[in-house]
Amino acid sequence: MALYSEKVMDHFRNPRNVGVLEDANGVGEVGNAKCGDIMKMYLKIEDDIVKDVKFETFGCGSAIASSSMATELIKGKPVEEARQLTNKAVAEALDGLPDYKMHCSVLAQEAIEAALKDYESRQGS
Amino acid sequence: MIYADNAATTKMSDRALETMMSLISTTYGNPSSLYEFGQKAKEVLEQARRDVAYAIGADPKEILFTSGGSEADNQALITAAKLGEAKGKKHIISTAFEHHAVLHTLKKLEKEGFEVTLLDVHSNGIVLPEQVEEAIREDTCLVTVMYANNEIGTIQPIREIGAVCRKHGVLFHTDAVQAVGHIKVNVEEDNIDMLSASGHKFHGPKGVGFLYAKKGIRLVNLIEGGAQEKGKRAGTENVPGIASMATALREAVSGLDEYKAKLTPVRDKIIKGLSEIPHSAINGDLEHRVPSNINFCFEGIEGESLLLLLDDKGIAASSGSACTSGSLDPSHVLLAIGRVHDVAHGSLRLSLGEDITDEDADYIINSVKEVVEYLRGFSPVWRDLVAGKTKFIL
């Protein structure tokens with residue numbers, strides 16, 4: 001049996017929405033290099049819709065796959081829906097993660113939350 | 001596939017495999033049985049003991065067969081601890097980058113009231129005999145220092161450390177799992193009292209190893225039962241496995257010069273090639289190093305994703321990244337030589353086999369360069385380093 005599901009390997013080998021969004025209006029970074037995982041999410045939100053999203057990740061295979069899947073799940077969706085994305089949904093969409101890798105999906109959820117928070121704080125000012 | 005993880009395990013040699021298969025079908029008697037069919041197995045077992053002893057310069061009576069390196073390490077440490085305790089000596093000296101078979105046994109002994117001093121192994125991954133001498137106390141009952149490190153391949157000054165131990169009358173054990181069959185090891189010349197080795201690291205089978213214990217050391221049992229192995233390790237002997245290990249060891253030791261001559265230039269070529277990757281660093285001393293080992297850190301990337309992509313390219317390697325071990329901390333070996341967490345996560349170990357070719361070396365160099373560059377391309381850590389927001393460590 002392989003370490004990861006086919007879906008995880010697919011998203012790891014061909015990550016979707018990878019890179020930087022120069023005109024992002026919400027950016028969130030979570031994790032730290034000490035622990036071996038950092039995720040950065042760039043959101044471009046217009047009319048309460050996640051028009052575009054990109055990510056950069058320093059981390060293991062499942063961290064890269066989780067970020068990639070998370071971007072797919074929120075791209076084009078209303079902000080409210082993005083806000084409700086759970087790590088469980090990310091892991092399920094990847095056909096599961098090994099137990100000790102579940103924290104990678106948590107990090108993906110937190111990265112999106114951080115980016116949304118940044119977006120909101122920019123709206124307030 | 002290019003198998004570059006020979007420090008994890010090796011492929012059995014043809015002759016080791018032949019020995020094992022033929023013994024499984026022809027010599028399945030129990031060496032403890034008195035009829036000739038059992039005694040035949042006993043003969044095979046004792047010939048293996050002579051072969052193993054000869055390979056490391058020991059007496060056959062000093063060889064105890066075990067299930068592998070971990071069991072041998074456990075038995076050596078527990079023995080030295082019990083012997084020490086009987087004399088009121090409960091201090092043990094070791095190093096910070098030992099194998100977990102040693103470190104975890106030491107932890108257990110600490111809980112039983114032993115005091116453990118772990119020596120610094122410096123940035124080059126080498127402990128000095130002077131450090132050992134300084135650390136020795138009146139109540140020191142054991143010094144245990146590995147012969148060659150499993151992750152960074154550095155060879156320790158075992159002979160000199162052994163001499164220091166002899167001078168102070170302290171038992172000296174070495175975990176030689178990565179050394180036996182790879183470099184010259186001689187327990188007599190190297191002043192070793194106890195030594196652990198494992199068959200599958202030198203093209204023998206898994207599940208078999210041995211412990212050398214110098215004459216006069218009364219081993220403490222880990223497994224109670226029958227009188228096998230002079231009553232020091234119960235359980236019917238794995239005769240085919242033991243004989244197969246002995247065959248592999250005989251082959252490995254007779255070919256040591258050739259092995260070194262073959263691997264060293266390939267190893268050095270790969271080290272040179274990978275050094276061209278910006279912000280990378282070799283781990284461990286370049287000179288005192290087993291011929292098969294290459295270990296690098298690459299800043300801005302994480303080791304597991306590196307391994308997975310190398311696997312896609314047909315290269316089997318390993319890493320000291322936390323993500324490959326299921327723990328939160330990266331390799332204790334890399335931390336022991338002073339690599340910080342951020343950098344230790346981005347490590348790669350290649351441990352070459354005799355079948356490696358010059359073309360393989362080129363392919364490995366190019367593949368690693370390509371994968372490191374690719375992963376850095378979307379690493380936020382690398383972006384910050386390049387932008388000058390954080391400082392390069394390597």
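Let's start with confidence: chain B has a mean pLDDT of 97, and 99% of its residues reach 70 or more. Keep in mind that what you are looking at is a predicted model. For the model as a whole, the scores are ipTM 0.96 and pTM 0.96.

## Chain B from a distance

Zoom out first. Chain B is built with 13 helices and twelve strands. Its radius of gyration comes to 22 Å, close to the 21 Å that the globule rule gives for 394 residues, so chain B is as compact as a globular protein of that length. If you draw a box along the principal axes, the C-alpha atoms of chain B fill roughly 75 × 50 × 35 Å.

How much of chain B counts as buried? The figure is 51% of its 394 residues. Now think about which parts of the chain meet. Take the contacts in chain B with a separation of 6 or more: residues 24 or more positions apart account for 72% of them.

## A three-stranded sheet in chain B

Now for a closer look at one piece of chain B. Here you can find an open sheet of three strands, in the order E9-E10-E12, and the pairing is antiparallel. Which strands sit at the edges? They are strand E9 (280–282) and strand E12 (347–351) of chain B, each of which pairs on one side only. Going from one strand to the next, the twist averages 20°.

Strand E10 of chain B covers residues 293–298, and its antiparallel pairing with E12(B) runs over five bridges. To find your place in that pairing, look for Asn295(B): it stands opposite Arg349(B) in E12(B).

## Where the two chains touch

Finally, the meeting of the chains. Chain A puts 19 residues into the contact, and chain B puts in 21 residues. On the side of chain A that touches chain B, the elements giving two or more residues are helix H1 (6–13), strand E2 (37–46), strand E3 (49–58) and helix H2 (61–74) of chain A. Which of them gives the most? That is E3(A), with three residues.

What kinds of residue does chain A bring to this side? Sorted by class, the side of chain A that touches chain B has nine nonpolar residues, along with five polar and five charged ones.

Note on methods. Residues are numbered from 1 along each chain as its sequence is written. Chains are lettered from A and ligands numbered from 1 in the order in which they are written. This is a predicted model: local features need pLDDT of at least 70, side-chain atom pairs count only at pLDDT 80 or more; totals for chains, interfaces and linings use all residues. Two residues are in contact if their C-beta atoms, placed from the backbone, lie within 7 Å. Helices (H or I, at least four residues) and strands (E, at least two) are DSSP runs, numbered from the N terminus. Ala, Val, Leu, Ile, Met, Phe, Trp, Tyr, Cys and Pro count as nonpolar, Asp, Glu, Lys and Arg as charged, and the others, Gly among them, as polar. pLDDT is the predictor's confidence in each residue, from 0 to 100. Two strands pair if DSSP finds at least two bridges between them. Axes are lines fitted to C-alpha atoms, for helices over the stretch in contact, and angles run from 0 to 180 degrees between N-to-C directions. The radius of gyration is taken over C-alpha atoms; the globule rule is 2.2 Å times the number of residues to the power 0.38. A residue is buried if 20 or more other C-beta atoms lie within 10 Å of its own, exposed if 12 or fewer, and partly exposed in between; C-beta atoms are placed from the backbone.
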